[in-house]
Amino acid sequence: MHLSARRRLIQLTLALAVSAIALGATALSLRAYGPSASWNVFAPPTPTYTPTPTPTHTPTSTPTSTPTPTPTHTPTVTPSPTPTVPPPNPPAIPGAEVPGERWILVDLSRQTATAMIGQTALYSALITTGKDGWETPTGEFRILYRVENETMTSASIGADDYYVLEDVLFTQYFTNVGHALHLNYWRPESYFGSVRSSHGCAGMRYADAEFFWRFAGVGTRVVITGNSGDVPSI
């Protein structure tokens with residue numbers, strides 16, 4: 001064998017010996033310090049510790065008590081009573097032995113018609129006179145003519161609100177344009193003495209209209225005073 005070949009063999013042998021010694025030292029270290037030593041290049045990487053977040057306590061809200069509403073007392077509305085209208089109660093008509101002029105006084109403010117003998121009132125009746133736009137005229141008049149039973153119509157006086165009223169009794173006209181004392185059977189009792197509702201006449205309930213028919217006659221004086229504006233109108 002040549003000298004150079006022997007040298008290469010010796011060098012290779014020495015290198016193998018050094019490697020064996022290093023491997024032995026490494027194995028010894030692993031047994032002494034464990035495979036996880038920081039200098040151990042073969043050790044698996046140490047996991048980084050990630051702290052587990054501490055749960056934040058969310059306070060539970062205390063429910064707020066809703067106050068029970070106190071019921072409000074609603075007052076009971078008491079309807080206004082309908083005015084009670086006294087029924088007609090005409091007296092007997094005195095005979096000729098009782099002196100004095102027999103005339104009729106109509107008071108628009110009080111909505112009454114009064115049978116007068118001289119300056120003495122014999123009887124007052126509740127009436128309903130002319131509504132707004134059809135006011136009963138004031139002044140002194142005389143009964144011109146009388147119709148015991150007739151039919152009244154809107155056309156006869158030029159009224160816009162249409163009507164035909166049959167069997168209107170005890171009509172006593174005191175103007176030549178249709179103003180009269182007569183029975184009014186189509187208005188409610190509560191109107192008499194309280195509400196103006198006619199087309200200028202003085203409307204009466206049956207017993208009162210009959211009384212004035214017997215009390216008066218053609219030529220009887222009719223005096224109308226007062227202010228109809230003091231009384232409500234339909």
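Biologist: Is Y145 buried, exposed or partly exposed?

Modeller: This is a predicted model, in which local features need pLDDT of at least 70, side-chain atom pairs count only at pLDDT 80 or more, and totals for chains, interfaces and linings use all residues. Residues are numbered from 1 along each chain as its sequence is written, and side-chain values use heavy atoms, with hydrogens and water left out. Buried means under 20% relative accessible area, exposed over 50%, and partly exposed in between, with a 1.4 Å probe and protein chains only. Y145 has a relative accessible area of 41%, so this residue is partly exposed.

Biologist: How is a pair of aromatic rings described?

Modeller: One gives the distance of the centres and the angle of the planes. Rings of Phe, Tyr and Trp (its six-membered ring) pair if their centres lie within 6.5 Å; planes under 30 degrees apart count as stacked, over 60 as edge-to-face and the rest as tilted. The structure holds 9 aromatic pairs. In one of them, Y145 and Y173 have ring centres 4.6 Å apart and planes at 25 degrees, so the pair is stacked. This pair links distant parts of the chain, since Y145 belongs to strand β5 and Y173 to strand β6, 28 residues apart. Y173 is buried, at 9% relative accessibility.

Biologist: At what angle do the ring planes of F212 and F215 stand?

Modeller: Their planes are at 80 degrees and their centres 6.5 Å apart, so the pair is edge-to-face. F212 and F215 are 3 residues apart in helix α2, and are therefore separated by about one helical turn. F212 is buried at 0% relative accessibility, and F215 is buried with a relative accessible area of 6%. Ring pairs also link Y123, F211, F212 and F215 into a cluster.

Biologist: In what order do the strands of the open sheet of 4 strands lie?

Modeller: Strands of a sheet pair through backbone hydrogen bonds, either parallel or antiparallel. Helices (H or I, at least four residues) and strands (E, at least two) are DSSP runs, numbered from the N terminus. Two strands pair if DSSP finds at least two bridges between them. Here the order is β5-β6-β7-β8, with mixed pairing. The edge strands, β5 (145-153) and β8 (202-204), each pair on one side only. Strands β6 (residues 164-173) and β7 (residues 180-183) run antiparallel and are joined by 2 bridges. Y173 stands opposite A180 in β7.

Biologist: Which helix lies across β5, β6, β7 and β8?

Modeller: Helix α2 (residues 206-215) does, running at about 40 degrees to β6. Axes are lines fitted to C-alpha atoms, for helices over the stretch in contact (heavy atoms within 4.5 Å), and angles run from 0 to 180 degrees between N-to-C directions.

Biologist: Where does T128 lie, and is this residue buried or exposed?

Modeller: T128 lies in the loop between β3 (120-126) and β4 (139-142), and counts as buried at 0% relative accessibility. A polar contact is a pair of N or O atoms within 3.5 Å; within protein, one must be able to donate a hydrogen and the other to accept it, and residues adjacent in sequence count only if both atoms are side-chain atoms. The side chain of T128 makes such a contact with the side chain of S197, at 2.8 Å. A polar atom of the T128 side chain also lies 2.6 Å from the backbone oxygen of V195.
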